[in-house]
Amino acid sequence: IIFKTMQKKGEEGHMETGNYSAVTEFFLVGLSRYPELQLSLFMFCLTMYLIILLGNSLLIIISILDSHLHTPMYFFLGNLSFLDICYTSSFIPPMLIIFMSERKSISFFGCALQMVVSLGLGCTECVLLAVMAYDRYVAICNPLRYPIIMNRMLYMQMAAWSWIIGCLSSLVQTVLTMLLPFCGNVIDHPTCELLALLKLICSDITVNVLIITVGSIIFLVIPLLSIFISYVFILSTILRLNSAEGKNKAFSTCSAHLAVVILFYGSALFMYMKPKSKDTKTSDEIIGLSYGVIAPMLNPIIYSLRNKEVKKAVKKVLSRHLHSWKI
């Protein structure tokens with residue numbers, strides 16, 4: 001009933017031009033087949049979003065205020081936290097509105113903007129996680145040369161190129177998709193997601209599929225392979241350490257990063273590398289929601305807030321400000 005209603009309403013967002021329709025808005029019906037869950041989904045996503053904002057903002061503030069955290073590792077972590085805030089802000093607030101509204105629509109340009117931002121930041125995070133793995137490789141395998149190799153100029157350029165490459169790739173894929181003619185405007189997904197939008201295209205999408213495949217190799221396979229190779233060298237170096245304390249410290253840093261990598265890449269590979277079916281399954285939508293909400297929420301917890309240096313910095317900053325307030 002919901003799908004038929006949305007399809008009827010969708011006629012209002014069409015302007016006929018020849019055999020195709022010039023779409024002016026899209027209807028997002030993903031997860032709307034369960035109306036009794038809309039309020040629960042709203043509360044879940046709102047809670048996760050507030051935790052994401054709080055946890056990642058805290059990490060950014062702490063890494064700026066504490067001079068001991070002015071290192072490449074925490075610079076990349078700050079970038080990751082800022083990226084997660086921007087990424088979730090691109091789709092969670094509109095999704096919350098859609099959950100609670102009867103007309104679950106978004107404008108054509110709003111959909112394009114949401115897709116270019118979320119896809120671009122997702123690609124950026126793929127590269128950034130690989131860069132962070134390289135940083136850990138240099139720190140553990142070449143500790144004496146670490147300050148020379150990972151100098152300020154290099155790690156800032158690595159972070160900048162991660163953003164540039166990810167955003168350019170997203171811009172190309174979004175423009176090539178939005179310029180094609182659409183046969184409908186009902187998206188079977190809770191957000192404006194590239195693969196869901198391609199199902200509405202009337203014309204040949206061979207070029208789009210080719211670009212997505214190349215993009216998946218560049219932003220999923222190659223970074224994941226580089227992370228794997230980095231950790232092979234890291235693990236071999238850790239096992240050769242004589243100090244138990246040194247092993248524990250190295251394992252602590254690496255295990256946190258690996259947890260983030262598995263969560264992020266696991267859901268991303270499931271979404272973009274598995275065989276595609278014509279209809280979107282509920283499991284795919286839930287995995288997509290996990291990919292977009294749960295990973296950014298857990299990043300500051302499993303990667304940073306468990307870190308002893310971060311805990312020490314939090315206590316130091318809090319005690320300093322409490323002391324200043326007392327004065």
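Visitor: Is Glu 25 buried or exposed?
Guide: Glu 25 is buried, with a relative accessible area of 13%. Buried means under 20% relative accessible area, exposed over 50%, and partly exposed in between, using a 1.4 Å probe and protein chains only. Before we go on, this is a predicted model, where local features need pLDDT of at least 70, side-chain atom pairs count only at pLDDT 80 or more, and totals for chains, interfaces and linings use all residues. Residues are numbered from 1 along each chain as its sequence is written, and side-chain values use heavy atoms, with hydrogens and water left out.

Visitor: Thanks. Which side chain does Glu 25 meet in a salt bridge?
Guide: That of Arg 103, at 2.4 Å from N to O. A salt bridge here is a side-chain nitrogen of Lys or Arg within 4 Å of a carboxyl oxygen of Asp or Glu.

Visitor: On to cysteines, then. How many disulfides does the structure hold?
Guide: Two, counting a pair of cysteine sulfur atoms within 2.5 Å as a disulfide. Cys 111 is joined to Cys 192, with an S to S distance of 2.1 Å. Cys 111 belongs to helix 5 (residues 108-141) and Cys 192 to the loop between strand 5 (186-187) and helix 8 (194-198), so this pair links parts that are 81 residues apart in sequence.

Visitor: Are Cys 111 and Cys 192 buried or exposed? And what's the torsion about their S-S bond?
Guide: Both Cys 111 and Cys 192 are buried. The torsion about their S-S bond is about -125 degrees, so the disulfide is left-handed.

Visitor: Which cysteine is joined to Cys 183?
Guide: Cys 202, with an S to S distance of 1.6 Å. Cys 183 lies in the loop between helix 7 and strand 5, and Cys 202 in the loop between helix 8 and helix 9, so the pair ties together parts 19 residues apart in sequence. Cys 183 counts as exposed at 54% relative accessibility, and Cys 202 as partly exposed at 23%. With the bonded cysteines of the chain numbered in sequence order, the pairing is 1-3, 2-4.

Visitor: What about Cys 86?
Guide: Cys 86 is in no disulfide, and the nearest cysteine sulfur, that of Cys 167, is 9.7 Å away. At 26% relative accessibility, Cys 86 counts as partly exposed.

Visitor: Let's switch to helix 9. How far apart are its end C-alpha atoms?
Guide: They are 48 Å apart. At 1.5 Å a residue, the 34 residues of helix 9 (residues 206-239) should span 50 Å, which agrees. That expected span is 1.5 Å times one less than the number of residues.

Visitor: Where is the kink in helix 9 centred?
Guide: On Ile 217, with a kink of about 30 degrees. The bend at a residue is the angle between axes fitted to the seven residues ending there and the seven starting there.

Visitor: And Val 221, where does that lie?
Guide: Val 221 lies in helix 9 and is partly exposed, with a relative accessible area of 35%. The C-alpha atoms of Val 221 and Tyr 265 are separated by 9.4 Å, though these residues are 44 apart along the chain.

Visitor: Last one: where is Leu 258?
Guide: Leu 258 is in helix 10 (residues 244-273).

Key:
Helices (H or I, at least four residues) and strands (E, at least two) are DSSP runs, numbered from the N terminus.
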